[in-house]
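I am opening my notebook to write down, entry by entry, what I looked up in this structure. The sequence and the model come first, and my notes follow.

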Amino acid sequence: MGESPSTPMPVPHTPLNLNQPTGDEVKTTTCYMCACRCGIRAHLKEGRVRYIDGNPHHPVNRGVICAKGSAGIMQHYSPARLRKPLLRVGERGERKFREIEWSEALELATSWLGDIRRRNPDELAFFTGRDQSQALTGWWAQQFGTVNYAAHGGFCSVNMAAAGMYTLGGSFWEFGEPDWELTKYLMLWGVAEDHDSNPIKLGLGKLKARGAKIVAINPVRSGYGAIADEWVAINPGTDGLLAGALIHELLHGDRVDLDYLVRYTNAHYLVIQDPGGAGDGLFARDAHGQALCAARVGEAKEDTPGEADGAPRWRIERADAADISPLIAGQYPLSDGRIAVPAFQLFAERFLSDDYAPDTVAGRCGVEADTIRRLARELAEVAFEQSIALPQRWTDAHGREHAQMTGRPVAMHAMRGISAHANGFHTCRTLHLLQMVLGAIDTPGSFRYQPPYPKPVPPANRPGKTRKENGTLDAGPLGYVHAPEDLLVDADGRPRRIDKAFSWEHPLAAHGMLQNVIANAWAGDPYRIDTLFLFMANMGWNSAMNTSQTRHMLADRDPTTGQYRIPHIIYADAYDSETVAFADLVLPDTTYLERYDCISLLDRPISDADSASDAIRRPVTRPDRDVRPFQDVLIELGTRLGLPGLLDSDGTARYPRGYAQYIVEHERAPGIGLLAGWRGGDGSKAGIGGPNPDQLERYIEHGCHWQHEIPAAARYYKMANRDYLAWAKSLGFVGSTDAIVLELYSETLQRFRLAAQGHGSTLPPSEHRERVARYFDPLPFWYASLVQEPPFAPAAAESPAQGDAAYPLSAITQRPMFMYHAWGSQNRWLRQIAARNVLYVHPSTAAANGVADEDWIWLASKRGRIRVQAKLHAATAPGTVWTWNAIGKRKGAWKLAADAPENHDGFLLNHLIGESLDTVAGETKYANADPVTGQAAWFDLRVRIERDLEPSQPGHRVDTLPARDEAREESE
């Protein structure tokens with residue numbers, strides 16, 4: 001017999017003390033590693049951060065923490081942290097700087113900015129990145145007097161936010177959420193893994209536990225889609241067409257909540273039909289400006305106007321009158337002889353059209369007609385056969401008492417997959433109308449508002465237009481345009497903002513258009529600026545369209561003067577990003593664990609549907625570098641410049657202790673400050689109250705957050721719930737307890753269309769009129785991306801191949817759960833999960849192009865081509881290719897090693913995406929963006945695959961058109 005194998009010897013190791021504390025102190029604060037703003041606990045030892053976990057008492061995450069959040073310790077101790085102010089001594093892009101003291105940095109910035117403010121404040125373009133204290137930075141821009149301010153939303157999801165605010169006074173994600181407790185059917189439209197990730201994970205867990213159905217509509221099945229009960233592999237940019245087809249089926253099957261529509265929307269409002277007239281498409285109104293409807297008289301059931309047995313069957317009534325029976329179809333003569341029809345009739349005519357029939361749209365969407373019909377049946381079944389009735393009495397805004405709260409347990413959620421397209425505004429409007437016809441907005445089981453929403457439609461705050469005698473703007477630089485008269489255009493209709501937001505080119509650009517600032521400033525279109533001031537916006541790399549050419553623009557000189565086309569660039573960042581290389585002056589920020597921040601209800605709320613919440617960040621440790629919180633720096637710059645809001649009446653600094661003092665003492669209106677909790681001198685007030693000097697201490701004592709629950713009778717039907725509106729008014733969220741009407745039909749959009757037809761005092765220049773008339777339709781509609789469709793041509797029935805022969809594939813990105821923006825993908829812990837990206841391709845697409853798994857290929861667009869590695873992926877829609885976003889890095893940035901995989905294997909699709917369209921109207925070259933809101937159309941990219949002669953030879957390269965040396969820098 002052979003010798004038996006010996007028993008393995010145990011591997012010796014140092015005994016572990018599993019009861020040893022992680023540190024000697026624990027401090028609560030708020031995470032900054034993505035947009036969730038979860039509560040965290042920082043465990044410290046001798047003042048250094050040793051461990052981060054979730055705060056179990058925080059309303060956002062209730063202790064849950066993700067890979068990003070726990071890796072925040074490596075963000076805090078990143079080698080890429082900037083350590084001291086820097087002044088450029090070489091050429092832009094060379095990364096040649098000398099360290100300077102803060103006194104010199106602030107004196108220099110004050111000198112540049114002071115000259116601008118004395119000369120023309122609009123020569124400053126001040127643009128900030130993700131989640132960057134917009135309640136402060138926007139107010140600071142207002143005090144400076146520049147109209148050229150914007151934030152992150154313009155290249156992220158402004159068309160989705162604007163569509164919601166112009167339709168229902170709220171929006172997906174930060175302004176609303178699915179009813180995680182009661183919904184039975186959830187549709188996720190274009191939702192990746194990053195935004196609001198922990199709350200979504202918690203919610204999805206609840207749905208899976210009780211058997212609710214989850215449907216993921218996305219070209220890619222990853223993350224949340226991977227656990228969905230059904231994946232609908234839609235073609236990019238066709239979500240609005242699919243949603244329209246679902247409406248088509250619901251209308252055909254008479255599966256519509258008409259009672260909900262006439263109670264809470266403007267479906268019954270009478271729309272004037274007077275083609276060519278100044279009132280065409282507007283609501284019929286009485287002498288007091290109140291909208292009118294046709295209401296049934298007596299017991300007659302027919303909707304046809306006229307008389308029965310000599311008695312009138314309908315009469316004209318105020319549309320908001322209580323206890324009427326509005327009619328939603330038919331033609332009705334008005335007292336002035338014009339004809340009007342209910343808005344619902346126009347809506348039904350559009351979506352009952354064959355343009356939205358499942359058999360018509362199936363090929364374009366990539367979704368079978370039978371699947372579309374089945375999805376519509378499932379929505380109707382859950383909404384109407386499985387409705388919910390909560391035994392909760394409530395009173396509506398008209399004084400009518402209700403014994404229960406009836407719910408349609410169908411919920412929808414959407415994100416960048418629908419917003420990063422030029423048709424995203426109308427796509428999102430279509431989704432909201434789909435919710436309306438199901439009666440599924442803020443009812444039990446449906447989409448729910450989060451305080452301080454809903455707001456009036458649209459909200460009252462308009463963008464500032466004029467400067468007061470003291471140089472400040474008359475309002476904040478961002479806001480909501482109500483009519484053509486609110487646009488920021490000159491006497492000839494030309495844009496007044498450098499990014500062309502709030503102009504005839506992009507009228508409802510509520511968040512501005514950060515992605516177009518550099519190209520416009522470089523071209524001097526519409527004018528030159530002096531200083532570009534950027535804060536945590538990596539516009540020299542992954543936040544730029546046409547990245548290689550953008551880098552050229554930042555470093556380009558005017559041949560007539562020899563000076564840089566953008567004379568001064570000030571950049572504030574915590575890390576040595578790609579954009580640092582192009583700055584003239586670098587202001588180093590702290591990490592999020594070293595400063596105060598304010599997560600304000602005036603800015604980016606963290607409320608849930610049952611309560612209002614806000615939070616702070618606070619320093620849990622001191623910087624070990626010569627850096628300062630940017631908010632403090634901004635306040636000091638404003639004080640040095642003598643900006644009115646930053647000085648007391650005697651000319652001394654109003655906030656000498658910096659941002660922490662500003663958070664507590666600043667009031668946007670009497671009693672309304674940045675934080676809603678513990679207001680008033682003794683901290684006893686909520687929402688409205690004077691400053692409380694101990695407010696920050698109260699927040700710290702309560703885990704750095706405040707939460708105020710909505711009364712039980714006020715938690716649903718918030719747009720028309722008397723108790724909710726009174727509660728919201730008491731906290732300063734709304735100014736009136738009047739019902740907020742959901743807008744099935746948008747009179748605001750129709751006013752712009754009328755202006756394009758020559759009506760009104762403010763008219764678009766002739767070259768914009770056809771475009772405005774097409775895209776400002778008061779009812780949503782679907783059109784192809786602007787890079788595909790001929791200008792202004794009808795698009796609903798065009799073939800899938802139209803305009804796509806040369807570039808037949810769609811290219812998009814997704815964000816991985818373990819990374820967020822560029823600052824996360826340099827994190828040493830997160831890099832261990834992925835330090836490079838590949839191009840995912842469906843096997844059928846790969847086979848059609850002769851591509852094998854892991855081949856290196858060229859991906860080409862009209863802008864040029866990039867060399868990338870392909871990876872076969874069956875969970876990708878055929879005809880679509882995609883990759884993870886923000887993995888690829890420029891050599892020399894982020895303190896990565898020269899041979900880091902992010903440098904030689906990681907890549908960006910951004911090189912292939914143009915910031916402008918090829919289409920030119922007159923002398924106008926339009927942005928590659930949603931024509932309504934200016935949202936960057938990242939996901940409208942069309943590409944083709946080109947074989948490489950050596951597919952097994954690794955190496956990423958960039959070859960852009962026209963070829964320049966700097967366009968090939970990534971291959972060096």
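**Entry 1: strands that meet S40**

I began with S33 and strand S40 (residues 942-947), which pair in the antiparallel sense over 2 bridges; two strands count as paired if DSSP finds at least two bridges between them. Helices (H or I, at least four residues) and strands (E, at least two) are DSSP runs, numbered from the N terminus. Before going further I noted that this is a predicted model, in which local features need pLDDT of at least 70 and side-chain atom pairs count only at pLDDT 80 or more, while totals for chains, interfaces and linings use all residues. I also noted that residues are numbered from 1 along each chain as its sequence is written, and that side-chain values use heavy atoms, with hydrogens and water left out.

Looking for the bridge partner of Ser810, I found Arg942 in S40. S40 is also joined to S35, by 4 bridges, and these two strands run antiparallel. Here Ala860 stands opposite Arg944 in S40.

**Entry 2: a sheet of three strands**

Next I turned to an open sheet of 3 strands, which has the order S1-S2-S3 with antiparallel pairing. Strand S1 (25-30) and S3 stand at the edges with a single partner strand each, so one side of each has no neighbour in the sheet. On average, neighbouring strands of this sheet are turned by 30° against each other, direction ignored; such axes are lines fitted to C-alpha atoms, for helices over the stretch in contact, and angles run from 0 to 180 degrees between N-to-C directions. Strand S2 (residues 39-45) pairs with S3 in the antiparallel sense over 6 bridges, and Arg41 has Asp53 in S3 as its bridge partner. As a reminder to myself, strands of a sheet pair through backbone hydrogen bonds, either parallel or antiparallel.

**Entry 3: salt bridges**

I then looked up salt bridges, meaning a side-chain nitrogen of Lys or Arg within 4 Å of a carboxyl oxygen of Asp or Glu. By this rule the count comes to 68.

What does the pair of Arg350 and Asp777 tie together? The two form a salt bridge whose closest N and O atoms are 2.9 Å apart. Arg350 lies in helix H9 (residues 343-351) and Asp777 in the loop between helix H21 (766-775) and strand S33 (809-814), so the pair ties together parts that are 427 residues apart in sequence. For accessibility I used three classes: buried is under 20% relative accessible area, exposed is over 50%, and partly exposed is in between (1.4 Å probe, protein chains only). Arg350 is partly exposed at 24% relative accessibility, whereas Asp777 is buried at 7%.

In the salt bridge of Glu701 with Arg698, the closest N and O atoms are 2.5 Å apart. These two are 3 residues apart in helix H18 (residues 695-701), which separates them by about one helical turn. Glu701 is exposed at 53%, and Arg698 is partly exposed at 23%.

Lys862 forms a salt bridge with Asp918, with the closest N and O atoms 3.6 Å apart. Since Lys862 lies in the loop between strand S35 (856-861) and strand S36 (864-872), and Asp918 in strand S38 (residues 916-921), the pair ties together parts that are 56 residues apart in sequence. Lys862 is exposed at 55%, and Asp918 is exposed at 52%.

I also wrote down a network of salt bridges that links Arg81, Glu594, Asp624 and Arg625.

**Entry 4: backbone angles**

Most residues other than glycine have a negative phi, and most peptide bonds are trans. With that in mind, I noted that the peptide bond from Tyr453 to Pro454 is cis, with omega near 15°. Pro454 sits in the loop between strand S24 (447-449) and helix H14 (517-523). The bond from Asp525 to Pro526 is cis, with omega near 15°, and Pro526 lies in the loop between H14 and strand S25 (531-535).

Asn546 has a positive phi, near 55°. Asn546 belongs to the loop between S25 and helix H15 (547-555). Is Asn546 buried or exposed? At 5% relative accessibility, Asn546 counts as buried.
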